[in-house]
Amino acid sequence: MSSPRPDEARVIPLRPPAARPEHRPGDRPGDRPGDRSDVREPLWRDLVGDVLRRERLAQERTLKDVADAARISMPYLSEVERGRKEASSEVLAAAAHALGLSLGDLLARAHTRLTRPAHHGRRATTSTPYNGLCLAA
């Protein structure tokens, strides 16, 4: 086994690569039947963050107000809302309660967003509902 050259970084992927059919030169995504390389499943942190942000904006509350009520830092709440951080169940519960929601309400709304196509001009992230989703926190 050869070691990488000193000027090359060794990258270890967090997710295993999806099994894809071999592409021939000139192939584009979607050229062959069954090629779904352009369809991605949404991440749970993106869905939950989107629900938190939409609820906060619907209540016309500032990020600082909700972060203070939840007793979490404003930058961290911002990262959670943008789907950049995978928040713990305690942080999600605190943010939900600061918005007047239970943790169950927050997760149910995220589940609803997961099982229906996106609207308002945004491309749907999935074409099939994920019935039977179970999240234990």
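Biologist: What percentage of the 137 residues of the protein count as buried?

Modeller: This is a predicted model, and in it 25% of the 137 residues count as buried. The accessible surface comes to about 10200 Å², and 53% of that belongs to carbon and sulfur atoms.

Biologist: How many helices and how many strands does the protein have?

Modeller: The protein has five helices and zero strands. Read from the N terminus on, the order of elements is α-α-α-α-α. For contacts between residues at least 6 apart in sequence, 58% join residues at least 24 apart.

Biologist: Let us turn to a pair of helices. At what angle do helix H2 and helix H4 pack?

Modeller: Helix H2 (residues 63–70) and helix H4 (residues 89–98) pack at about 120°, and their axes are 8 Å apart. Angles of 65 to 115 degrees count as roughly perpendicular, and those over 145 as roughly antiparallel. The two helices are therefore oblique to each other. The crossing of H2 with H4 is right-handed.

Biologist: Which residues in H2 and H4 meet?

Modeller: From H2 come Val-66, Ala-69 and Ala-70, which meet Ala-94, Ala-95 and Ala-98 in H4. By class, this contact has six nonpolar residues, with no polar and no charged ones.

Biologist: Which residues in H4 are buried?

Modeller: Buried residues in H4 are Val-91, Leu-92, Ala-93, Ala-95, Ala-96 and Ala-98. The buried residues of H4 pack against helix H1 (44–58), H2, helix H3 (74–81) and helix H5 (103–115).

Biologist: Where does Glu-60 lie, and what is its phi?

Modeller: Glu-60 lies in the loop between H1 and H2. Its phi is positive, about 55°, although Glu-60 is not a glycine.

Biologist: Is Glu-60 buried or exposed?

Modeller: Glu-60 has a relative accessible area of 75%. The cut-off for exposed is over 50%, so Glu-60 is exposed.

Biologist: What of Arg-71: where is its place, and what is its phi?

Modeller: Arg-71 has its place in the loop between H2 and H3. Its phi is near 60°, a positive value in a residue other than glycine. With 77% relative accessibility, Arg-71 counts as exposed.

Definitions and conventions
Residues numbered from 1 in each chain as written. Predicted model: local features only at pLDDT ≥ 70, side-chain atom pairs only at ≥ 80, totals over all residues. Heavy atoms only, no water. Axes fitted to C-alpha atoms, helices over the stretch in contact; angles between N-to-C directions. Helix = DSSP H or I, 4+ residues; strand = E, 2+ residues; numbered from the N terminus. Parallel < 35°, antiparallel > 145°, perpendicular 65-115°, else oblique. Left-handed = near helix turned anticlockwise from the far one by under 90°. Contact = heavy atoms within 4.5 Å. Nonpolar A, V, L, I, M, F, W, Y, C, P; charged D, E, K, R; others polar. Buried < 20%, exposed > 50% of the residue type's maximum accessible area, 1.4 Å probe, protein only. Areas by Shrake-Rupley, 256 points an atom, 1.4 Å probe, with all protein chains shown as cover.
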